[in-house]
Amino acid sequence: MKRTAIVILNWNGAKMLEKFMPMVLEFSRHEADVYVADNASTDNSIELLKNKFPEVKIIQLKQNWGFAEGYNKALEKLEAEYFVLMNSDVEVVQNWLTPLVLFMDMHQDAAACQPKLMSEYNKETFEYAGACGGFIDKYGYPFCRGRIFDTIEKDHGQYDNVEEILWATGACLMIRSKDYREAGGLDTNFFAHCEEIDLCWRLRLMGRKVCCVPNSHVYHVGGGTLPKENPMKTYLNFRNNLTMLYKNLSSGELHRIMLMRWFLDYIAAFKMLLLEKKVNEFKAVFRARKDFHHWKKDFKATRKNIQANKKVDNIPERKNYSILWQYYIKGRKTFSEIENGRH
C-alpha cells in the first residue's frame, strides 16, 4: 500500500475516465494507488475500468450519494497518509504529484493543498473552479487567485509563489487523512458545491493551514457535473454558502453578515430576473434562502461544536473587503489589482 491514495469520484463519467485515466496511471502509479469511487453509475463506467484499466481499484457505492457523502463513504474504506480527491475530468502531467507530497511532508502544519488548476480548453488560462487557490471575502463570497467572478486570467507566472489560502479546490485536493477525519470530512448535507470550502474553513479554525503549491499543475475541463448556468447549481451554491457561513462565522459576526447577505442575495436574484432574464435562477435564489431558513436549526449542534473547539479567530485568508465592491465599484478585476490597490 502506497502513502497516497488518489480517489476519483465517478457518476456516469465513462467518457472522461477513458480520456483522462491513462495519464493518471502513467504519471501517478509509482507514487499512489488509484481508486475510482463509483456513485452507482448507469453507464459503462465499471465495465470500462475492469476491461481497460484493471489496476484501478473500484469502490462501488450503492446509490448516487453526491460529491460530499460519496467521498466520505469511499474514504472511510481506505488507509493512506494522503488522500487526493480528484475529478474525473482532470488531466494530470508528468511530475504533478511529487511537489504536493514533498510540500506536505515538509509542512506538518498544513492539512491540505492544491496544485495550480489550469483550463483544459485553454491551457494558457486558469480554470474557474479553483485557479491558484481560493479565498472568501468579508461576506462569504468565494474567489481565487486567477479568477474573480467571470474574469479568468491568463497564467503569466504571477501567482507562482506558494500561498496560504482559505480553500483548496475539490477538483484536485490533497489532504492528510488524519486531518480529514478529525475535521469530520465533507458535510454530507451539502450534496454538492461549497463543501470543500466549508471543510477547509473548518480546518483553518482548527489551526491547520491550507496552501496552493503552484509548481504542480493540472488541467481541468470543469462544469462536468452541472453546467455553470444551471438553476440547481445556483440553488446549491446559495443554500450551501449560507449554511457554511452559519456554521463557521463567530457569534460576533454572524448576525451582521447574515443581514448583509439577505440584502445582497436579493439584489443578485433581481439582477438575474430583470437584467439577465434568468427566471429559473431567480427562483432558485429564493428557494435556496427559504430552504436554508428551514434547515438552519439542524446545524445548531454542529455550529456549537465548531465554535467551541476552534483554535484561531483571525484567519487572514478571509479577506476583510467586499469582493463585490472591489470588482463592480472599484473596477479591480484581478486578485493582484485588488491586493495591490489596497496597500
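The residue in question is N241: where is N241 found, and which residues does N241 touch?

A: Some ground rules come first. This is a predicted model, in which local features need pLDDT of at least 70, side-chain atom pairs count only at pLDDT 80 or more, and totals for chains, interfaces and linings use all residues. Residues are numbered from 1 along each chain as its sequence is written, and side-chain values use heavy atoms, with hydrogens and water left out.

N241 is found in helix α7, residues 231-248. Helices here are DSSP runs of H or I with at least four residues, and strands are runs of E with at least two, numbered from the N terminus. N241 is buried, with a relative accessible area of 4%. Buried means under 20% relative accessible area, exposed over 50%, and partly exposed in between, using a 1.4 Å probe and protein chains only.

The side chain of N241 reaches the backbone oxygen of G140 at 2.9 Å. G140 is also among the residues that N241 touches. Contact means heavy atoms within 4.5 Å.

Now the setting. The chain has 12 helices and 13 strands. Its radius of gyration, taken over C-alpha atoms, is 19 Å, close to the 20 Å that the globule rule (2.2 Å times the number of residues to the power 0.38) gives for 343 residues, so the chain is as compact as a globular protein of that length. The C-alpha trace spans about 55 × 40 × 40 Å along its principal axes.

K116 lies in strand β6, residues 110-119, and is buried at a relative accessible area of 7%. Its contacts, again without residues up to four places away in sequence, include D155, D160 and H217. Y35 lies in strand β2, residues 32-39. Y35 is buried too, at 10%. Among the residues that Y35 touches are I6, V7, I8 and L78. The C-alpha atoms of Y35 and N230 are separated by 30 Å, and the two residues are 195 apart along the chain.

Key: Polar contact = N/O pair within 3.5 Å; in protein donor to acceptor, adjacent residues only side chain to side chain.
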